[in-house]
Amino acid sequence: MFQSFAAQTHPEQGPPRLADLRVQMRAHDVDAFLVPRADAHQGEYVAPRDARLAWLTGFSGSAGFCAVLPDIAGVFVDGRYRVQVRAEVADVFTPVDWPETRLSDWLTEHLPTGATIGFDPWLHTAQEIKTLTEDLQEYVLRPVDNLVDAIWADQPSAPTQPFTVHALEHAGETHDDKRERIAKKLAAQAAIITLPDSIAWLLNIRGTDIERNPVPQAFAILHASGKVDLFAGPGKADDIVEHLGQDVFVHDIAHFLEAVAQLPGPVQIDAKSCPEIVASTLEAAKIATVKRADPCLLPKAIKNLTEIAGAKAAHARDGVAMVKFLAWLDEEAPKGQLTEIDVVKALEGFRIQTNALRDISFETISGAGPNGAIVHYRVNEKTNREVNKGELLLVDSGGQYVDGTTDITRTIIVGEPSAEYRACYTRVLQGMIAISRIRFPKGVGGQHLDVLARAPLWLAGQDYDHGTGHGVGSYLSVHEGPQGISRRSEIALEPGMILSNEPGYYREGAFGIRIENLITVILAPDLPGADARDMLSFDTLTFVPLDRRLIDTGLLTKAERDWIDRYHADTVTLLAPRLDDATRAWLTNACAPL
């Protein structure tokens, strides 16, 4: 099993750890200390060594931070985690709704003027510290050694596993060509790259430093010549030296800042991902900087033909596993005594049967009944719940395959659904269909499309507190920027981008519904009578049956019914030849026309 079910954090440990941290704060003469969920590379996910926020507070979500003051400690989380955080932290911590409440406003409310705010300069980006400095001009922001590390006696060691090569047959472009292509567009003599997935993509390498995400923890300097200095832990790059060739030079990661201080300027940095200590090192060395987005972000997001073909192959393989799982669930769940953990184990087992699974792409979300309302719920031995008749089961999962990354959510009814379940499910499904069907002009960003997924819910006075879609990597991070479908997604969508399409609806203490397919941006097919302008649309990658028992056909338009029937017919065409007779029969029945 890739996934374990031991409770990762323990709320009862929060109070003594918080008390110890406050002792360190007094010793270092700071009135506040910031604890982000971040590491020095500023990726979304962290290794156990860097899970300081979870260790201190008990909060295990993938986004958030804590601000510790002498008499209050705020845990800032967004809408995805507001139910979860209350269940995971002790009452010595105060949940704070973020970004509605800005950190600077909260600090101003709770700290006297002139107070000193300590932070670890490796764990905050240059942009974060710049914004805080501007907003807190009457306070002192002071970089300090990490105070959590000072009290974490059994802190895990840094990852040591070696990096591996991502073969050209899956990458579709050599790293020589990538480096040359990206270097030509630099706005400076060199660019500092800190994001692990950017380095992985640029050099066609992968790693095992972060669970569920095949990325290497490293730093890189890309020069305008196309040459790269790669900074990695001792021995981690030994197995890829031949692959890297003569224009990529490997150095010990301990010498990274020293090399930064010796660069000829100007140097390009992404202030949104570059650690503050890198920016301050450049400033201290009087090296001019040019602030631009990480030069790998957009090229990485636009998948080439090889990567798209790999994604389709991975989704077909994953679809077989999902269909076997859903057929099994339909047979076993009505018998009773099936638990959320049983569901996770079974699904992972079907993926392992593909003989191609490298890892799951994130911890499987298996939420029965009220647990489904916890958007990023992770079942453990303490929270494990039976899957009961008459309840909804939300299963959000994915796999990491060498040719692609998958992410799919299905909500299933056990037994007979209520009219309310059917109405809510159908509204969510209508939103997913609206995104799937839309055509849009070039230049449109995800923020322009997000409303389409929410409109059916809004008309019923309902909504959900997460984005509609995130980018997805190619055997990389399951959450990938810069593209997305949300109110904050300004990046124009381009052909080759892969995104999730996952509206939902959640009622705390009762149930949760989410339906998710992955989609890729394509040039829209010709349309008779259309304007002579370039239009884009989405091609669906995920083919797995929807739960027809939860669809209220009376709420659907003819176009929506036709889309569902066509989707199900395509699912049968793609997957049926890959299935045994019994599972094929189940699939045919599950995909029968409405």
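Which element gives the largest share of the lining of the largest cavity? That share, 4 residues, comes from α14, a helix (a DSSP run of H or I of at least four residues, numbered from the N terminus, as are strands, runs of E of at least two). This is a predicted model, in which local features need pLDDT of at least 70 and side-chain atom pairs count only at pLDDT 80 or more, while totals for chains, interfaces and linings use all residues. Residues are numbered from 1 along each chain as its sequence is written, and side-chain values use heavy atoms, with hydrogens and water left out.

**Sheet**
- An open sheet is formed by 3 strands in the order β16-β17-β20, with antiparallel pairing (two strands pair if DSSP finds at least two bridges between them).
- Because β16 (365–368) and β20 (408–413) stand at the edges with a single partner strand each, one side of each is left without a neighbour in the sheet.
- Strand β17 (residues 392–397) is joined to β16 by 4 bridges, and L393 in β17 is the bridge partner of A368.
- Helix α14 (residues 305–332) packs on the sheet and touches β17 and β20, where contact means heavy atoms within 4.5 Å.

**Largest cavity**
- The lining of the largest cavity includes H315, D318, G319 and M322, together with T406, D407, I408, T542, F543 and V544; a cavity is a set of points on a 1 Å grid over the protein atoms alone where a 1.4 Å probe fits but cannot get out, and lining residues have an atom within 4 Å of a point.

Key:
Axes are lines fitted to C-alpha atoms, for helices over the stretch in contact, and angles run from 0 to 180 degrees between N-to-C directions. On a 1 Å grid over the protein atoms alone, a cavity is a set of points where a 1.4 Å probe fits but cannot get out, and a pocket is an open set with protein on both sides within 12 Å along at least five of seven lines; lining residues have an atom within 4 Å of a point.
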